[in-house]
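Subject: Structure handover and notes

Dear colleague,

I am passing on the structure we spoke about, with my notes on what was found placed below it. Please look through the coordinates alongside the text.

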Amino acid sequence: MKTVVFSLILLTIVGTSVVRAGNGAHGIPIRPEGFLSFAKPINVSSPLLYPSSLAVGDLDHSGIPGLAVVSPDNGVPLFYALGKGNGRFRLWRQDDNVGYAPSFVSLADVDGDGNLDAITTDILAGDLNVTFGDGKGNLHGGKRLLVGGVQSTYIVAVADLNGDSIPDIVGTTNSGIFVIMGKGSREFAKAVTFGSGGQSPYGIAVGDLNHDGIPDLVVANNGADQPPYNYNVAVLLGKGDGTFGRPMRYHGGVRPWQLVLGDFNGDGNLDLAVVPIDGRNRILVMLGKGDGTFSPPKSYRAGIAPHAIVAADFNGDGKLDLAVAAANVAVLLGNGDGTFQPPIDLRAPGHHPTELVVADFTRDGKPDIGAVNGGDSTISIFLNTTPFPRPSHPH
């Protein structure tokens, strides 16, 4: 891959595709599947020094996504801002209902009232904190949920794990997985912890892997520094009551860190993409078989030092693509058969993206990308300017 950077325009040449990103950017398609275009990134000053996690969601039912951000610096609050609909945001607001060192934030409807709430984990304590949204763009109140016997909580997801239509919370800790079942009326059961099938779990994803209507878990076990390293990707099939079966382990590279689920080959089964921290500058893709198992991984280049990943159809061809946080933001266009094209760099000069989110920030029907930059404590918004195919209308 060759990358040429001009003052306002990034030109990336990948195989037979040419991508331009800049003000008034446009793509030049040499083959249709290689067509992709993003505008010059909008850089938003973070209210926090060295933010560690970024979340996106519509906090006020305006149809415009807002942002939430945290940093593990001791005692700092959660900050959030409503979107303007043009890739920029209103004044940052703060909420103090966080733990001692919040390292991850998610926006999800935890209490089932139709409004997004904020969940933060704590890298220095065995708890997480929930702040409730009012649907008008405000976060208020709070509830601390304890996870006993652990030193850190990392990544969380919200899903109905037992089919009672009440949201539940599942996440990773320094030593395993926890589940906190929702009871309704903003009440929660005591956290239950169990093993992850490896050591030092971090990334987690929830999805129905075997078509039984019950959410299952996929966990990235980052492993230990000394033998037995015990790193793997583990699948835990849900039983429908908030508990899970024994972990089924897969090789996900050395030190798998983050992962994402999606149907990459259009067969109706969830597939898996994993980012290993193994120094080989790659991601691994494992195709799902529809019964809770996966095929052996296939490796793809993904920029220098990849560590975070998201999935969306970035060029409107109906095929899922991947975006990876590496030295730059690298987009791997999907071929629709479970394989991916070489990475296309979206570069914000001088920045080093550490986390990614996907949302339609401008309400034009195209997925945009938000990135936390570790190099200068900014947030970059990459607006998607790819001309999407017009839907065909039968005559």
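I begin with strand β21, where both faces are covered: N232, A234 and L236 on one side are buried, and so are V233 and V235 on the other. Please keep in mind throughout that this is a predicted model. In a regular strand the side chains alternate between the two faces of the sheet. For β21 the count of buried residues comes to five of five.

The pairing of β21 involves two other strands. With β20 it pairs in the antiparallel sense over five bridges, and within that arrangement L217 stands opposite L236 of β21. With β22, residues 248-250, β21 is joined by three bridges, again running antiparallel, and here A234 has R249 as its bridge partner.

The core holds 31 residues, of which L128, I169, V170 and I180 touch the most other members. Leaving out residues up to four places away in sequence, I169 touches V110, L128, V130, L145, V156, A157, V158, F178, V179, I180 and F188.

Strand β14 also holds T172, which is buried, with a relative accessible area of 0%. A polar atom of the T172 side chain lies 2.7 Å from the backbone oxygen of Y202. Apart from neighbours within four places in sequence, the contacts of T172 include S152, T153, Y154 and I155, as well as P201, Y202, G203 and I204.

Turning to charged side chains, the structure holds six salt bridges, and three residues, D111, D113 and R186, are linked in a network of them. Between R186 and D111 the closest N and O atoms are 2.7 Å apart; because R186 lies in the loop between β16 (182-184) and β17 (187-188), while D111 lies in the loop between β9 (102-108) and β10 (117-122), this pair ties together parts that are 75 residues apart in sequence. Of these two partners, R186 counts as partly exposed at 29% relative accessibility, whereas D111 is buried at 15%. The salt bridge between R186 and D113 has an N to O distance of 3.7 Å, and since D113 is in the loop between β9 and β10, it ties together parts that are 73 residues apart in sequence. D113 itself is partly exposed, with a relative accessible area of 36%.

A further salt bridge joins K143 and E187, with the closest N and O atoms 3.9 Å apart. K143 lies in strand β12 (residues 139-146) and E187 in strand β17, so the parts tied together here are 44 residues apart in sequence. Both are partly exposed, K143 at 25% relative accessibility and E187 at 42%.

Finally, D58 lies in the loop between β5 (53-57) and β6 (66-70) and is partly exposed, with a relative accessible area of 25%. The D58 side chain reaches two backbone nitrogens, that of H61 at 3.0 Å and that of G63 at 2.7 Å. Beyond its neighbours within four places in sequence, D58 is in contact with G63, I64, P65, G66 and L116. D58 and A359 are 301 residues apart in sequence, yet their C-alpha atoms are 9.8 Å apart in space.

With best regards

Methods
Residues numbered from 1 in each chain as written. Predicted model: local features only at pLDDT ≥ 70, side-chain atom pairs only at ≥ 80, totals over all residues. Heavy atoms only, no water. Core = buried A, V, L, I, M, F, W, Y, C linked by side-chain atoms within 4.5 Å. Buried < 20%, exposed > 50% of the residue type's maximum accessible area, 1.4 Å probe, protein only. Contact = heavy atoms within 4.5 Å. Helix = DSSP H or I, 4+ residues; strand = E, 2+ residues; numbered from the N terminus. Polar contact = N/O pair within 3.5 Å; in protein donor to acceptor, adjacent residues only side chain to side chain. Pairing = 2+ DSSP bridges. Salt bridge = Lys/Arg side-chain N within 4 Å of Asp/Glu carboxyl O.
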